[in-house]
Amino acid sequence: MRVVSLVPSLTEAIASSAPGALVGATDWCTHPADLDVTRIGGTKNPALDRIVALAPDLVIANEEENREPDLAALREAGLEVLVTEVRDVPQAFRELSRVVEACGAVRPRWLDQAEDAWSALEPPSRRTTAVVPIWRRPWMVLGRDTFAGDVLSRLGVDHVHATHEDRYPRIPLEELRAAVPDVVVLPDEPYRFTPEDGPEAFPGLACALVSGRHLTWYGPSLAEAPRALGEALRAALR
C-alpha cells in the first residue's frame, strides 16, 4: 500500500498505524518528526504532478483542509482519493478508523487510548466563556460547527462565536475585547500565538496559550488533548 496524505494530523495517524505506507505528505506535516517521505507542497497548493508521479494507491484528504479542484484533478489522473470530514470528536474517531482501515492497518492502540481519554471526562463543574482567535491581521476566530469548538465544549468552554453564520469569521479586535470572555484561547497554529504575540491585545483578560496540535488535530494527539488543554485552561483561569 502506497499512501499520500494531504492532512497533517492524518499523516501522523497513518505513520503511527501503518508504518511504511506513507510515500508522500505535505510540507506542513510535522509529525512524526522523523518522517522521511516526498514532500508535495502545501495543503491548499499541492504539487499535483509530484503526487501523480508517486503512483499512490490512495490519497488521504479532508474536505476543510484541501480544495475540491485539486482533489478532482487527482481523481481525473486515476488516483483514489479518500476525503474525510471532521466536525466533532465522535466524528474524528469514526473517520480515523476509516482511514486506518483504508491504509490496510489494524486498529491502533492509540485510538483506543484516545477514545478512553475522552469518554472518561467528567462533566465540568462550571461552564467558561471564551474567544478563540486563530489568526491576526485580520483577526479571525472559531465560529460555528468546528472540530476545535467541539473539543473546547467537551472541556466546559463555550466560545462566544459558536453560533456565528461563518465557521471562521473575521471579527474586529474591539468587538472581541467587548465580549469580555472568561478566557481568550490562543493556539500556536495556524497562527503562532506566543506569550509575546497575542496576549498583549487583550489587556485585563485571562489568556490560555495552547497547543494547536491538541486543539485542532485529530490523530494520536487526541489521547493527550483532554489533559494538556485542561491544564492550560486551568492555569489561565487561576
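Tutor: Begin with a definition: a residue is buried when its relative accessible area is under 20%, exposed when that area is over 50%, and partly exposed in between. Note also that this is a predicted model.

Student: Is S5 buried or exposed?

Tutor: S5 is found in strand 1, residues 3-5. Beyond its sequence neighbours up to four places away, S5 touches L10, T11, I14, L22, G24, A25, T26, C29 and I60. Its relative accessible area is 0%, and the limit for burial is under 20%, so S5 is buried.

Student: C29 is among the contacts of S5. How many disulfides are there?

Tutor: The cut-off for a disulfide is a pair of cysteine sulfur atoms within 2.5 Å. By this rule, the count is 0 disulfides. C29 is in none, as the nearest cysteine sulfur, that of C103, is 13 Å away. For C103 the nearest cysteine sulfur is that of C29, again at 13 Å, and C103 is likewise in no disulfide.

Student: Why is helix 6 described as largely enclosed by the rest of the structure?

Tutor: The buried residues of helix 6 are F147, A148, G149, D150, V151 and L152. What covers them includes helix 4 (89-102), helix 5 (109-119), strand 9 (157-159), helix 8 and helix 9. Helix 6 is largely enclosed because the buried share of its residues is 6 of the 8.

Student: Which residue just after helix 6 takes a positive phi?

Tutor: Helix 6 covers residues 147-154. Just after helix 6, a positive phi of about 90° is taken by G156.

Student: How many residues line the largest pocket, and which lie nearest its centre?

Tutor: The largest pocket holds about 890 Å³ of space. Helix 1 (8-17), strand 7 (133-135), helix 6 and helix 8 each supply at least two residues of its lining. By class, that lining has 13 nonpolar, 5 polar and 5 charged residues. The lining comes to 23 residues, and nearest the centre are T43, E65, E189, P190 and T216.

Student: Which element gives the most to the lining of the second largest pocket?

Tutor: The second largest pocket has a volume of about 420 Å³. It is lined by 17 residues, and P124, L155, G156, G230 and R234 lie nearest its centre. The lining has 7 nonpolar, 4 polar and 6 charged residues. With 7 residues, the element that gives the most is helix 9.

Student: What is the relative accessible area of A223?

Tutor: A223 lies in the loop between helix 8 (212-216) and helix 9 (225-237). Apart from neighbours within four places in sequence, A223 is in contact with W110, Q113, A114 and A117. A223 is partly exposed, so its value falls between the limits of 20% and 50%. The relative accessible area of A223 is 26%.

Student: How many residues along the chain separate A223 and F147, and what is the separation of their C-alpha atoms?

Tutor: F147 is one of the buried residues of helix 6, whereas A223 is partly exposed. The two are 76 residues apart along the chain, and their C-alpha atoms are separated by 15 Å.

Definitions and conventions. Residues numbered from 1 in each chain as written. Predicted model: local features only at pLDDT ≥ 70, side-chain atom pairs only at ≥ 80, totals over all residues. Heavy atoms only, no water. Helix = DSSP H or I, 4+ residues; strand = E, 2+ residues; numbered from the N terminus. Buried < 20%, exposed > 50% of the residue type's maximum accessible area, 1.4 Å probe, protein only. Contact = heavy atoms within 4.5 Å. 1 Å grid on protein atoms, 1.4 Å probe; cavity = no way out; pocket = protein on both sides within 12 Å on 5 of 7 lines; lining within 4 Å. Points joined across faces, edges and corners; volume = space filled by probe spheres on them. Nonpolar A, V, L, I, M, F, W, Y, C, P; charged D, E, K, R; others polar.
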